[in-house]
Amino acid sequence: MSIDYTDGRESEAHLLEIIKAQSDLRSSTAIAVEQYDRWHVHYHLSPERGNLVRHLSFSGLHVLELGAGMGAVSRYLAEHAETLTVVEGTRERFDCLSQRLRDLDNWSGHVANIEDAQLDRKFDVICVIGVLEYAQMYMRPEADFDGDAFDWMLHCAARHLEPDGVFLIAIENALGIKYWAGAPEDHTWRMFDSVAGYDTAPGPKTFSRGALRARLQRAGLAHCREYYPFPDYKLPNCVVTPKMIEHDPRLAAELATGRSYEHHEIPTPRYYPPSLAMFQVADAGLLAEFANSFLFAAARSGRAGALERLCRREEQGEVAWYYNLLRTPETRTRTVFQRTGDGPNDLRIRKYGADEEAFGEREPVPCDGFTVRWRPLPDQPLLSGPKILHTLMRTAYYEKWDRFLEELHDFIGWSLDHWSTDGGALDGLAFDANVLNASIEPDGYGLFDLEWQLAPSMPRSWFIFRNVMSLCDRFDEELLIDNPRFHCPRDLYDTTCRHFESPPDLQADLRRECTFQNLVAPGHRERTPEDLARVMDKRFGERSYPDDPRMIRARQRQIDEMRVIWYATPVRIARRFTEWLDRSPRLTKACRMVLRPFRGRGGKP
Ligand SMILES: C[S@@+](CC[C@H](N)C(=O)[O-])C[C@H]1O[C@@H](n2cnc3c(N)ncnc32)[C@H](O)[C@@H]1O
């Protein structure tokens with residue numbers, strides 16, 4: 001029996017049409033990248049879908065995927081596993097999946113409800129990615145089953161598992177940090193829905209970390225390895241392990257906030273900047289509890305079996321993986337964080353080509369009167385100081401705009417000195433040495449990830465421009481709000497150029513940057529200088545949420561006013577008087593005697 005799940009028939013038909021027309025179907029290919037501003041295209045066709053499981057080793061394993069949808073992860077699985085079997089509940093989605101895997105011959109599939117699936121073998125790995133949450137809608141536990149629909153789905157799935165097989169499940173965290181900040185629940189689009197415990201009516205439901213672990217345990221899957229994909233399991237650009245969180249919580253928070261979650265079609269109110277909160281949560285040792293999604297690999301026993309084979313990289317000390325795939329194939333990277341011991345500095349950060357192909361030197365390519373060359377950077381320095389981006393976020397949040405400019409200008413001033421050449425321009429390595437790739441170290445600034453080199457040299461105004469753009473790109477929207485010192489990125493650029501007596505050259509910078517972006521990430525970034533100019537001119541604080549964060553600022557102002565009144569002189573005198581009375585029992589007694597005639601009978605003594 002099929003089920004009636006749909007993302008909208010039009011979306012499904014649209015995707016089928018795209019996939020049918022596509023000749024390169026590899027999971028590393030960004031199919032229809034020019035349409036990623038549409039959620040369904042981005043979600044189903046982005047090569048980033050595979051990032052969820054890229055750190056696992058499927059080689060030689062027989063994999064079953066339940067609720068495989070339109071094959072976003074299936075394609076990756078089929079490319080890497082010995083065989084793939086899929087079960088998908090709807091014909092339309094299965095047809096799309098079949099098209100996507102049409103050039104592979106190691107897979108087979110069925111349209112069926114998970115509870116009805118009859119399969120003639122058991123599997124080393126069973127994947128359930130974004131499916132458990134729908135159990136109440138499509139599954140009915142048998143009368144004598146001891147558990148609810150979610151337990152039932154896990155039970156039905158686990159029937160197909162080899163005794164030493166691995167159950168791989170990805171799902172949103174009901175207590176994910178984004179939900180506390182006000183993001184609507186991913187399935188119901190209701191703010192605070194999962195945090196408040198959901199309506200009792202049947203519908204999609206997700207779980208906290210502890211609740212999910214307990215369910216897996218009830219299904220006989222007590223041995224669990226946990227992974228946290230960020231910003232979530234749908235379009236992750238990194239995955240971190242508990243070991244990373246334990247040893248390097250701040251670095252884990254940095255990876256976790258490398259990209260903010262955003263659904264293109266649902267407004268995402270935020271009552272505080274989650275990227276700042278993530279650091280606090282990490283410091284408190286709670287990052288796992290508040291991750292936006294989970295990927296759990298659960299097995300019946302901890303003894304060697306598919307779990308060990310699947311998690312081979314972790315056995316070798318790898319603790320986190322960061323991907324940069326939305327670029328030209330030859331510049332895509334995968335950064336691996338590997339523990340070499342238990343000491344604070346025993347972390348190796350190494351970059352590889354994303355597809356394990358040659359990771360060699362590249363030829364310089366022309367870029368608007370310059371040449372730009374991508375450099376492979378295998379080992380990255382381990383920097384212990386705070387990242388300048390995070391420091392600037394904090395300052396912006398507290399609206400200390402003078403200090404914000406001071407911090408930014410300190411860094412830019414240092415960079416202009418550090419990279420300056422005889423001709424007044426900057427060394428070409430300054431190209432990537434911006435606020436995104438810098439930390440504050442005891443003896444100055446530390447830099448990492450300087451992947452691009454410009455020749456013959458870097459214009460000062462372009463350096464300033466790239467810093468401003470990077471900031472605006474990476475700040476949560478409510479951080480850079482309208483303020484008396486600068487109203488939009490262009491203002492910040494002008495102010496900074498003026499500060500360093502460096503002539504602004506915005507038109508040229510827009511053109512150069514645009515050429516560069518089109519070179520690196522063809523198809524899905526702003527393409528024309530006019531597009532970038534619009535970003536530079538966008539006034540801060542203009543975006544309006546359904547519940548505008550300005551309301552919170554207004555509420556804060558009321559609280560501030562109350563505070564002023566509370567500390568106003570007459571109130572303080574009165575408080576001092578009562579404190580003094582409290583300290584002097586004889587006086588208190590005298591006051592009570594004086595007041596007694598005015599009290600009603602039965603009043604408290
Ligand atoms: C959110 S989508 C996830 C699809 C895919 N795993 C992915 O990550 O792209 C959920 C999918 O699970 C399927 N599904 C949900 N419940 C099911 C059930 N009981 N039996 C079969 N398929 C089911 C739906 O048809 C849908 O394709």
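Student: Among contacts between residues at least 6 apart in sequence, what share joins residues at least 24 apart?

Tutor: In the protein chain that share is 67%, where contact means heavy atoms within 4.5 Å. This is a predicted model, in which local features need pLDDT of at least 70, side-chain atom pairs count only at pLDDT 80 or more, and totals for chains, interfaces and linings use all residues. Residues are numbered from 1 along each chain as its sequence is written, and side-chain values use heavy atoms, with hydrogens and water left out.

Student: OK, and how do α16 and α17 pack?

Tutor: Helix α16 (residues 401-418) and helix α17 (residues 460-474) pack at an angle of about 140 degrees with their axes 11 Å apart, the axes being lines fitted to C-alpha atoms over the stretch in contact and the angles running from 0 to 180 degrees between N-to-C directions. The two helices are therefore oblique to each other, given that angles under 35 degrees count as roughly parallel, over 145 as roughly antiparallel, 65 to 115 as roughly perpendicular and the rest as oblique.

Student: Which residues make that contact?

Tutor: From α16 they are F404, L408, F411, I412, S415 and L416, and from α17 they are R460, F463, I464, N467 and L471.

Student: Switching to α18, which residues are buried there?

Tutor: In helix α18 (residues 489-499), P489, L492, Y493, T495, T496 and C497 are buried, meaning under 20% relative accessible area with a 1.4 Å probe, protein chains only.

Student: What do they pack against?

Tutor: The buried residues of α18 pack against α16, α17, α19 (506-520) and α20 (529-537).

Technical notes:
Helices (H or I, at least four residues) and strands (E, at least two) are DSSP runs, numbered from the N terminus. Buried means under 20% relative accessible area, exposed over 50%, partly exposed in between (1.4 Å probe, protein chains only).
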